[in-house]
Amino acid sequence: MTASFNPGQARQRIRLQAKSVTRNAIGEEVVAWTDVVTDTPDHALWAEAWPLKGREFFAAQQTRYAADVRFRIRWRADVVREQRVLWHDEPYDIVMLTDVGAGRHTLEILAINGVRNGL
C-alpha cells in the first residue's frame, strides 16, 4: 500500500451517498440515500480498496475506530462522515476520513459494513 492515491491501482468503483430524511403522510421518517457524485455515468468514483482482516481498530485523537474496509480516492472536499460508501452493492458507513500526507491529494476512508445507517 502506497502513501498516496495511485490511479493505476484504483480498480474498484464506489459510490458516495448522502442520507436524507423526510416524513410521509402520517409523520413517519422516511430515509433515502442519494448519490453525491453525479458527473459520471454510473455516479461512481475509482478507488483503491483493501478489505481488512477481521475488524481492525485505528486510534485518532483519543478515539478508537473499528473498520472493515479501507478505501483511497483522489481528494474530495465534499466527503463527510455522515455519508456512506456503496461498494459491490453493499453499504459501508464512514467511520474516519484522513487526508493522507496532508497534501489534499489522497483521501483515505475507513468504513464499517452498514450498521449505523449513517448515524
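Rings of Phe, Tyr and Trp (its six-membered ring) pair if their centres lie within 6.5 Å; planes under 30 degrees apart count as stacked, over 60 as edge-to-face and the rest as tilted. The model is predicted: local features need pLDDT of at least 70, side-chain atom pairs count only at pLDDT 80 or more, and totals for chains, interfaces and linings use all residues. Residues are numbered from 1 along each chain as its sequence is written, and side-chain values use heavy atoms, with hydrogens and water left out.

**Exercise 1. Aromatic rings**

Task: Classify the ring pair of Phe71 and Trp87, then the ring pair of Trp87 and Tyr92.

Solution.
Step 1. A pair of aromatic rings is described by the distance of the centres and the angle of the planes. Searching the whole structure gives three aromatic pairs.
Step 2. For Phe71 and Trp87 the centres are 5.4 Å apart and the planes stand at 90°, so this pair is edge-to-face. Phe71 belongs to strand β4 (residues 63-74) and Trp87 to strand β5 (residues 84-87), 16 residues apart, and the pair thus links distant parts of the chain. Strands (E, at least two residues) and helices (H or I, at least four) are DSSP runs, numbered from the N terminus.
Step 3. For Trp87 and Tyr92 the centres are 5.9 Å apart with planes at 50°, so this pair is tilted.
Step 4. Ring pairs therefore link Phe71, Trp87 and Tyr92 into a cluster. Phe71 and Trp87 are both buried, and Trp87 and Tyr92 are both buried. Buried means under 20% relative accessible area, exposed over 50%, and partly exposed in between (1.4 Å probe, protein chains only).

**Exercise 2. Strand β7**

Task: Is strand β7 largely enclosed or open, and which strand does β7 pair with?

Solution.
Step 1. Strand β7 covers residues 106-113, and seven of its eight residues are buried, so the strand is largely enclosed by the rest of the structure.
Step 2. β7 pairs with strand β6 (residues 90-100) in the antiparallel sense, over eight bridges; two strands pair if DSSP finds at least two bridges between them.
Step 3. Asp93 stands opposite Ile112 of β7.
Step 4. The two strands form a hairpin with five residues between them, and in the turn Gly101 has a positive phi of about 75°.

**Exercise 3. Glu108 and its partners**

Task: Which side chains meet Glu108 in a salt bridge or a polar contact?

Solution.
Step 1. Glu108 lies in strand β7 and is buried, with a relative accessible area of 9%.
Step 2. Side chains of opposite charge can pair when their charged atoms come close. A salt bridge is a side-chain nitrogen of Lys or Arg within 4 Å of a carboxyl oxygen of Asp or Glu, and six are counted by this rule.
Step 3. Arg70 and Glu108 meet in a salt bridge at 3.6 Å, N to O. Arg70 is in strand β4 and Glu108 in strand β7, 38 residues apart, so the pair links distant parts of the chain. Both residues are buried.
Step 4. The side chains of Glu108 and Arg72 are joined by a polar contact of 2.8 Å. Such a contact is a pair of N or O atoms within 3.5 Å; within protein, one must be able to donate a hydrogen and the other to accept it, and residues adjacent in sequence count only if both atoms are side-chain atoms.
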